[in-house]
Amino acid sequence: MTSPTDWTGRVGDVWAAEWRRTDRSFADLSRHLDAAILAVAPDRPFRALDIGCGAGGTSLALATTRTDATIIGVDLSTSLVDIANDRLIRAVLSRGRIPGAICGSSDAHSDRPAPEQGGAVGNVTFLAGDALDLATVHAPFDLLYSRHGVMFFDDPVAAFATLRHAAVPGARLIFSCFRNWSANAFATAPAEALGLSPPGSGPGPFAFADRDRVAGILAGAGWRDAHATPVAFAYRAGGGTDPLGDALEMLQRIGPAAAALRGMADGDRGAAIDRLRGVIDRYRTTDAVDFPAAAWIWSAKA
Ligand SMILES: C[S@@+](CC[C@H](N)C(=O)[O-])C[C@H]1O[C@@H](n2cnc3c(N)ncnc32)[C@H](O)[C@@H]1O
(Lines give C-alpha, C1' and ligand atoms only; values in the text may rest on other atoms or scores of the structure.)
Protein backbone atom coordinates (compact mmCIF):
# COMPACT_ATOMS: atom_id res chain seq x y z
CA MET A 1 0.00 0.00 0.00
CA THR A 2 1.44 3.38 -1.01
CA SER A 3 -0.66 6.37 0.06
CA PRO A 4 -0.68 9.95 -1.29
CA THR A 5 1.06 11.11 1.90
CA ASP A 6 3.84 8.58 1.26
CA TRP A 7 4.45 10.20 -2.13
CA THR A 8 4.26 13.78 -0.85
CA GLY A 9 6.60 12.82 1.99
CA ARG A 10 9.37 10.32 2.53
CA VAL A 11 8.78 7.94 -0.40
CA GLY A 12 8.70 10.82 -2.90
CA ASP A 13 11.85 12.32 -1.39
CA VAL A 14 13.71 9.01 -1.64
CA TRP A 15 12.56 8.53 -5.25
CA ALA A 16 13.82 12.04 -6.01
CA ALA A 17 17.21 11.33 -4.44
CA GLU A 18 17.35 8.02 -6.33
CA TRP A 19 15.92 9.20 -9.66
CA ARG A 20 18.91 8.01 -11.70
CA ARG A 21 18.54 4.51 -10.33
CA THR A 22 14.74 4.41 -10.76
CA ASP A 23 15.05 5.71 -14.32
CA ARG A 24 17.64 3.04 -15.04
CA SER A 25 15.42 0.33 -13.57
CA PHE A 26 12.61 1.31 -15.98
CA ALA A 27 14.81 2.01 -19.01
CA ASP A 28 14.15 -1.34 -20.68
CA LEU A 29 10.39 -0.95 -20.12
CA SER A 30 10.52 2.60 -21.48
CA ARG A 31 11.64 1.36 -24.88
CA HIS A 32 8.23 -0.29 -25.19
CA LEU A 33 6.18 2.40 -23.45
CA ASP A 34 7.72 5.34 -25.34
CA ALA A 35 7.08 3.55 -28.64
CA ALA A 36 3.46 2.87 -27.62
CA ILE A 37 2.96 6.55 -26.73
CA LEU A 38 4.48 7.74 -30.01
CA ALA A 39 2.40 5.27 -31.98
CA VAL A 40 -0.88 6.82 -30.82
CA ALA A 41 0.20 10.48 -30.54
CA PRO A 42 -1.83 12.68 -32.90
CA ASP A 43 -0.07 13.59 -36.17
CA ARG A 44 -0.67 17.32 -35.52
CA PRO A 45 0.29 19.58 -32.60
CA PHE A 46 -1.33 18.22 -29.47
CA ARG A 47 -1.70 18.59 -25.70
CA ALA A 48 -0.53 15.75 -23.47
CA LEU A 49 -0.76 14.92 -19.76
CA ASP A 50 1.83 12.78 -17.93
CA ILE A 51 0.08 11.32 -14.85
CA GLY A 52 2.46 10.83 -11.91
CA CYS A 53 5.39 12.06 -14.00
CA GLY A 54 7.99 11.53 -11.27
CA ALA A 55 11.39 12.82 -12.41
CA GLY A 56 9.98 13.47 -15.88
CA GLY A 57 11.81 10.88 -18.00
CA THR A 58 8.83 9.82 -20.11
CA SER A 59 7.80 13.39 -20.93
CA LEU A 60 11.35 14.47 -21.72
CA ALA A 61 11.63 11.55 -24.15
CA LEU A 62 8.33 12.50 -25.83
CA ALA A 63 9.29 16.19 -26.00
CA THR A 64 12.53 15.32 -27.74
CA THR A 65 10.74 13.43 -30.51
CA ARG A 66 7.55 15.49 -30.72
CA THR A 67 8.63 19.11 -30.48
CA ASP A 68 5.10 20.14 -31.49
CA ALA A 69 3.58 18.66 -28.30
CA THR A 70 2.50 20.76 -25.35
CA ILE A 71 3.16 18.51 -22.38
CA ILE A 72 2.08 18.88 -18.78
CA GLY A 73 3.63 16.45 -16.30
CA VAL A 74 2.05 16.30 -12.83
CA ASP A 75 3.16 14.60 -9.65
CA LEU A 76 2.27 14.65 -5.96
CA SER A 77 5.92 14.91 -4.93
CA THR A 78 7.42 18.41 -5.04
CA SER A 79 10.88 16.82 -4.70
CA LEU A 80 10.33 14.79 -7.88
CA VAL A 81 8.86 17.78 -9.73
CA ASP A 82 11.94 19.80 -8.77
CA ILE A 83 14.15 17.11 -10.29
CA ALA A 84 11.96 16.99 -13.43
CA ASN A 85 12.25 20.77 -13.86
CA ASP A 86 15.98 20.66 -13.29
CA ARG A 87 16.37 17.95 -15.96
CA LEU A 88 14.15 19.94 -18.30
CA ILE A 89 16.23 23.09 -17.97
CA ARG A 90 19.44 21.12 -18.46
CA ALA A 91 17.98 19.41 -21.52
CA VAL A 92 16.97 22.73 -23.06
CA LEU A 93 20.31 24.36 -22.27
CA SER A 94 22.28 21.43 -23.63
CA ARG A 95 20.40 21.80 -26.92
CA GLY A 96 21.59 25.43 -26.93
CA ARG A 97 18.08 26.89 -26.77
CA ILE A 98 17.17 29.78 -24.51
CA PRO A 99 14.34 28.64 -22.22
CA GLY A 100 11.04 30.21 -23.25
CA ALA A 101 10.10 30.87 -19.64
CA ILE A 102 12.03 30.80 -16.40
CA CYS A 103 11.09 28.09 -13.96
CA GLY A 104 8.44 29.30 -11.50
CA SER A 105 7.63 32.55 -13.36
CA SER A 106 4.26 33.27 -14.92
CA ASP A 107 3.67 34.93 -18.25
CA ALA A 108 0.32 36.67 -18.58
CA HIS A 109 0.58 36.72 -22.39
CA SER A 110 1.40 33.08 -22.75
CA ASP A 111 -1.23 30.44 -23.40
CA ARG A 112 0.76 28.06 -21.24
CA PRO A 113 -0.86 27.18 -17.93
CA ALA A 114 0.26 29.32 -15.00
CA PRO A 115 2.81 27.36 -12.98
CA GLU A 116 1.67 26.15 -9.57
CA GLN A 117 4.65 24.72 -7.73
CA GLY A 118 6.69 24.08 -10.83
CA GLY A 119 7.48 25.91 -14.02
CA ALA A 120 7.28 25.95 -17.79
CA VAL A 121 10.22 25.73 -20.14
CA GLY A 122 9.60 25.55 -23.87
CA ASN A 123 6.62 23.30 -24.47
CA VAL A 124 6.92 21.17 -21.32
CA THR A 125 5.61 22.05 -17.86
CA PHE A 126 6.04 20.03 -14.69
CA LEU A 127 3.63 20.79 -11.86
CA ALA A 128 3.33 19.52 -8.29
CA GLY A 129 -0.12 18.49 -7.14
CA ASP A 130 -2.80 15.87 -7.48
CA ALA A 131 -3.11 14.54 -11.03
CA LEU A 132 -6.90 14.61 -10.96
CA ASP A 133 -7.13 18.22 -9.80
CA LEU A 134 -4.49 19.40 -12.29
CA ALA A 135 -5.95 17.36 -15.16
CA THR A 136 -9.26 19.12 -14.61
CA VAL A 137 -7.71 22.59 -14.37
CA HIS A 138 -5.52 22.20 -17.47
CA ALA A 139 -7.88 20.18 -19.69
CA PRO A 140 -8.45 19.36 -22.49
CA PHE A 141 -5.85 16.78 -23.49
CA ASP A 142 -5.42 14.80 -26.72
CA LEU A 143 -3.11 12.22 -25.13
CA LEU A 144 -2.78 11.01 -21.52
CA TYR A 145 0.01 8.70 -20.46
CA SER A 146 1.87 7.38 -17.44
CA ARG A 147 4.80 5.16 -16.60
CA HIS A 148 3.65 3.32 -13.51
CA GLY A 149 1.90 6.37 -11.99
CA VAL A 150 -1.78 5.32 -12.03
CA MET A 151 -1.93 2.44 -9.49
CA PHE A 152 -2.25 4.63 -6.42
CA PHE A 153 -5.79 6.05 -6.62
CA ASP A 154 -8.13 5.19 -3.73
CA ASP A 155 -11.09 5.08 -6.11
CA PRO A 156 -9.70 4.09 -9.52
CA VAL A 157 -13.04 4.20 -11.37
CA ALA A 158 -13.70 7.76 -10.21
CA ALA A 159 -10.08 8.71 -10.97
CA PHE A 160 -10.16 7.38 -14.52
CA ALA A 161 -13.56 9.00 -15.07
CA THR A 162 -12.04 12.35 -14.06
CA LEU A 163 -9.16 11.76 -16.48
CA ARG A 164 -11.64 10.90 -19.23
CA HIS A 165 -13.50 14.14 -18.62
CA ALA A 166 -10.18 15.94 -19.10
CA ALA A 167 -9.70 14.21 -22.48
CA VAL A 168 -11.06 15.31 -25.85
CA PRO A 169 -13.33 12.73 -27.53
CA GLY A 170 -11.08 10.14 -29.17
CA ALA A 171 -8.06 11.07 -27.01
CA ARG A 172 -5.72 8.17 -26.30
CA LEU A 173 -4.68 6.84 -22.90
CA ILE A 174 -1.47 4.81 -22.57
CA PHE A 175 0.02 3.61 -19.31
CA SER A 176 2.28 0.91 -17.91
CA CYS A 177 1.85 -0.98 -14.65
CA PHE A 178 3.31 -4.13 -13.12
CA ARG A 179 1.86 -7.54 -13.88
CA ASN A 180 1.59 -10.08 -11.08
CA TRP A 181 3.97 -9.88 -8.16
CA SER A 182 5.28 -13.42 -8.68
CA ALA A 183 6.61 -12.47 -12.15
CA ASN A 184 8.67 -9.57 -10.79
CA ALA A 185 11.91 -10.78 -9.23
CA PHE A 186 12.88 -7.31 -7.94
CA ALA A 187 9.97 -7.83 -5.50
CA THR A 188 10.04 -11.61 -4.95
CA ALA A 189 13.80 -11.89 -4.39
CA PRO A 190 13.87 -9.45 -1.44
CA ALA A 191 10.67 -11.09 -0.15
CA GLU A 192 12.41 -14.46 -0.16
CA ALA A 193 15.48 -13.04 1.60
CA LEU A 194 13.51 -11.17 4.25
CA GLY A 195 10.44 -13.38 4.63
CA LEU A 196 7.98 -10.77 3.30
CA SER A 197 4.43 -11.56 2.20
CA PRO A 198 3.02 -10.64 -1.22
CA PRO A 199 1.32 -7.21 -1.20
CA GLY A 200 -2.42 -6.85 -0.61
CA SER A 201 -4.82 -5.53 -3.23
CA GLY A 202 -4.91 -1.85 -2.11
CA PRO A 203 -3.32 1.08 -3.96
CA GLY A 204 0.32 0.31 -4.66
CA PRO A 205 2.77 -0.99 -7.28
CA PHE A 206 0.81 -4.22 -7.94
CA ALA A 207 -2.73 -2.84 -7.68
CA PHE A 208 -3.21 -3.10 -11.47
CA ALA A 209 -1.71 -6.58 -11.91
CA ASP A 210 -5.08 -8.20 -12.69
CA ARG A 211 -5.98 -7.50 -16.32
CA ASP A 212 -9.71 -8.16 -15.89
CA ARG A 213 -9.93 -5.82 -12.92
CA VAL A 214 -8.24 -2.99 -14.83
CA ALA A 215 -10.43 -3.62 -17.89
CA GLY A 216 -13.43 -3.23 -15.58
CA ILE A 217 -12.06 -0.02 -14.08
CA LEU A 218 -11.49 1.53 -17.50
CA ALA A 219 -14.89 0.46 -18.82
CA GLY A 220 -16.57 1.72 -15.64
CA ALA A 221 -14.85 5.07 -16.12
CA GLY A 222 -16.09 5.34 -19.72
CA TRP A 223 -12.87 4.54 -21.59
CA ARG A 224 -13.39 2.34 -24.64
CA ASP A 225 -11.37 -0.11 -26.75
CA ALA A 226 -9.15 -0.90 -23.73
CA HIS A 227 -6.37 -3.32 -24.55
CA ALA A 228 -3.41 -4.59 -22.49
CA THR A 229 -0.14 -5.83 -23.98
CA PRO A 230 2.18 -7.93 -21.78
CA VAL A 231 5.80 -6.79 -21.75
CA ALA A 232 8.76 -8.61 -20.24
CA PHE A 233 11.70 -6.40 -19.35
CA ALA A 234 14.94 -6.33 -17.40
CA TYR A 235 14.61 -4.27 -14.22
CA ARG A 236 18.21 -3.09 -13.78
CA ALA A 237 18.90 -2.69 -10.08
CA GLY A 238 22.70 -2.61 -10.23
CA GLY A 239 25.38 -1.38 -12.57
CA GLY A 240 28.77 0.35 -12.62
CA THR A 241 31.95 -1.07 -11.14
CA ASP A 242 30.17 -2.86 -8.27
CA PRO A 243 26.75 -3.99 -9.59
CA LEU A 244 25.98 -6.10 -6.54
CA GLY A 245 26.77 -3.28 -4.10
CA ASP A 246 24.81 -0.85 -6.26
CA ALA A 247 21.73 -3.11 -6.31
CA LEU A 248 21.98 -3.76 -2.59
CA GLU A 249 22.07 -0.03 -1.95
CA MET A 250 19.06 0.59 -4.20
CA LEU A 251 16.95 -2.11 -2.55
CA GLN A 252 17.79 -0.72 0.87
CA ARG A 253 16.45 2.67 -0.25
CA ILE A 254 13.42 1.81 -2.42
CA GLY A 255 10.68 -0.80 -2.31
CA PRO A 256 9.49 -3.40 0.18
CA ALA A 257 12.95 -4.48 1.36
CA ALA A 258 13.77 -0.91 2.36
CA ALA A 259 10.62 -0.63 4.47
CA ALA A 260 11.20 -4.05 6.08
CA LEU A 261 14.84 -3.30 6.92
CA ARG A 262 13.88 0.04 8.46
CA GLY A 263 11.42 -1.75 10.73
CA MET A 264 13.97 -4.32 12.00
CA ALA A 265 15.81 -4.30 15.27
CA ASP A 266 19.42 -3.10 14.80
CA GLY A 267 20.75 -6.51 15.81
CA ASP A 268 18.81 -8.32 13.05
CA ARG A 269 19.52 -5.93 10.19
CA GLY A 270 23.09 -7.02 9.35
CA ALA A 271 22.13 -10.67 8.87
CA ALA A 272 19.08 -9.66 6.82
CA ILE A 273 21.25 -7.54 4.50
CA ASP A 274 23.61 -10.51 4.08
CA ARG A 275 20.66 -12.70 3.06
CA LEU A 276 19.49 -10.00 0.66
CA ARG A 277 22.97 -9.80 -0.89
CA GLY A 278 22.99 -13.59 -1.38
CA VAL A 279 19.65 -13.57 -3.19
CA ILE A 280 20.51 -10.56 -5.38
CA ASP A 281 23.74 -12.27 -6.41
CA ARG A 282 21.72 -14.83 -8.38
CA TYR A 283 20.69 -12.07 -10.79
CA ARG A 284 24.17 -10.62 -11.32
CA THR A 285 25.82 -10.75 -14.73
CA THR A 286 29.34 -9.43 -15.36
CA ASP A 287 28.39 -5.77 -15.22
CA ALA A 288 24.79 -5.56 -13.99
CA VAL A 289 22.09 -6.90 -11.70
CA ASP A 290 19.00 -7.42 -13.87
CA PHE A 291 15.78 -8.76 -12.34
CA PRO A 292 13.29 -10.32 -14.76
CA ALA A 293 10.19 -8.11 -14.62
CA ALA A 294 6.73 -8.09 -16.16
CA ALA A 295 4.42 -5.20 -16.99
CA TRP A 296 1.24 -4.41 -18.90
CA ILE A 297 1.03 -1.57 -21.34
CA TRP A 298 -2.59 -0.44 -21.48
CA SER A 299 -4.16 1.51 -24.28
CA ALA A 300 -7.67 3.00 -24.39
CA LYS A 301 -9.70 5.73 -26.10
CA ALA A 302 -11.86 8.50 -24.61
C1 LIG B 1 6.12 4.47 -9.34
S2 LIG B 1 6.31 6.20 -9.39
C3 LIG B 1 6.58 6.47 -11.14
C4 LIG B 1 7.13 7.84 -11.43
C5 LIG B 1 7.43 8.11 -12.88
N6 LIG B 1 6.25 8.03 -13.71
C7 LIG B 1 8.52 7.20 -13.39
O8 LIG B 1 8.25 6.40 -14.26
O9 LIG B 1 9.65 7.29 -12.89
C10 LIG B 1 4.61 6.73 -9.18
C11 LIG B 1 4.47 8.23 -9.20
O12 LIG B 1 3.08 8.55 -9.20
C13 LIG B 1 2.90 9.70 -8.42
N14 LIG B 1 1.49 9.76 -7.99
C15 LIG B 1 0.78 8.83 -7.31
N16 LIG B 1 -0.50 9.24 -7.13
C17 LIG B 1 -0.59 10.47 -7.71
C18 LIG B 1 -1.64 11.42 -7.84
N19 LIG B 1 -2.88 11.20 -7.35
N20 LIG B 1 -1.37 12.59 -8.49
C21 LIG B 1 -0.14 12.83 -8.98
N22 LIG B 1 0.90 11.98 -8.87
C23 LIG B 1 0.68 10.80 -8.25
C24 LIG B 1 3.86 9.53 -7.26
O25 LIG B 1 4.15 10.73 -6.59
C26 LIG B 1 5.07 8.91 -7.97
O27 LIG B 1 6.00 9.87 -8.38
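Student: Which residues of helix α3 are buried?
Tutor: Helices (H or I, at least four residues) and strands (E, at least two) are DSSP runs numbered from the N terminus. Buried means under 20% relative accessible area, exposed over 50%, partly exposed in between (1.4 Å probe, protein chains only). In α3, the buried residues are W19, R21, T22, D23, S25, F26, L29, S30, L33, A36, I37 and V40.

Student: What kind of model is this?
Tutor: Residues are numbered from 1 along each chain as its sequence is written, and side-chain values use heavy atoms, with hydrogens and water left out. Local features need pLDDT of at least 70, side-chain atom pairs count only at pLDDT 80 or more, and totals for chains, interfaces and linings use all residues, this being a predicted model.

Student: How far apart are the end C-alpha atoms of α3?
Tutor: The expected span of a helix is 1.5 Å times one less than its number of residues. With 22 residues, a straight α3 would reach 32 Å. The helix falls short of that span, its end C-alpha atoms being only 27 Å apart.

Student: Which residues does R147 touch, leaving aside those up to four places away in sequence?
Tutor: R147 lies in strand β5 and is buried, with a relative accessible area of 15%. A63 stands 84 residues from R147 in sequence, and their C-alpha atoms are 15 Å apart in space. Contact means heavy atoms within 4.5 Å. On that basis, R147 touches D23, F26, L29, S30, L33, T58 and S176.

Student: What is the relative accessible area of S146?
Tutor: S146 has its place in strand β5, which spans residues 141-147. Beyond residues up to four places away in sequence, S146 touches L33, D50, I51, I174, F175 and S176. S146 is buried, and its relative accessible area is 0%.

Student: Where does H148 lie, given that its phi is positive although it is not a glycine?
Tutor: Most residues other than glycine have a negative phi, and most peptide bonds are trans. H148 has a positive phi of about 60° and is buried, with a relative accessible area of 8%. H148 lies in the loop between β5 and α7 (156-165).

Student: In which strand is D225 found?
Tutor: D225 is a residue other than glycine whose phi is positive, near 55°. The strand in which D225 is found is β7.

Student: What is omega for the peptide bond from A139 to P140?
Tutor: P140 is found in the loop between α6 (131-138) and β5. The bond from A139 to P140 is cis, with omega near 10°.

Student: Which elements are among those that cover the buried residues of α8?
Tutor: Because 9 of the 10 residues of α8 are buried, this helix is largely enclosed by the rest of the structure. The buried residues are A185, F186, A187, T188, A189, P190, A191, A193 and L194. Just after α8, G195 takes a positive phi of about 70°. The cover of the buried residues of α8 includes β6 (167-178), β7, α10, α11, α12 and β8.

Student: Which elements are included in the cover of the buried residues of α10?
Tutor: The buried residues in α10 are P243, L244, D246, A247, L248, M250 and L251. Just after this helix, G255 takes a positive phi of about 95°. What covers the buried residues of α10 includes α3, α8 (185-194), β7 (224-238), α11 (256-262), α12 (266-281) and β8 (289-301).
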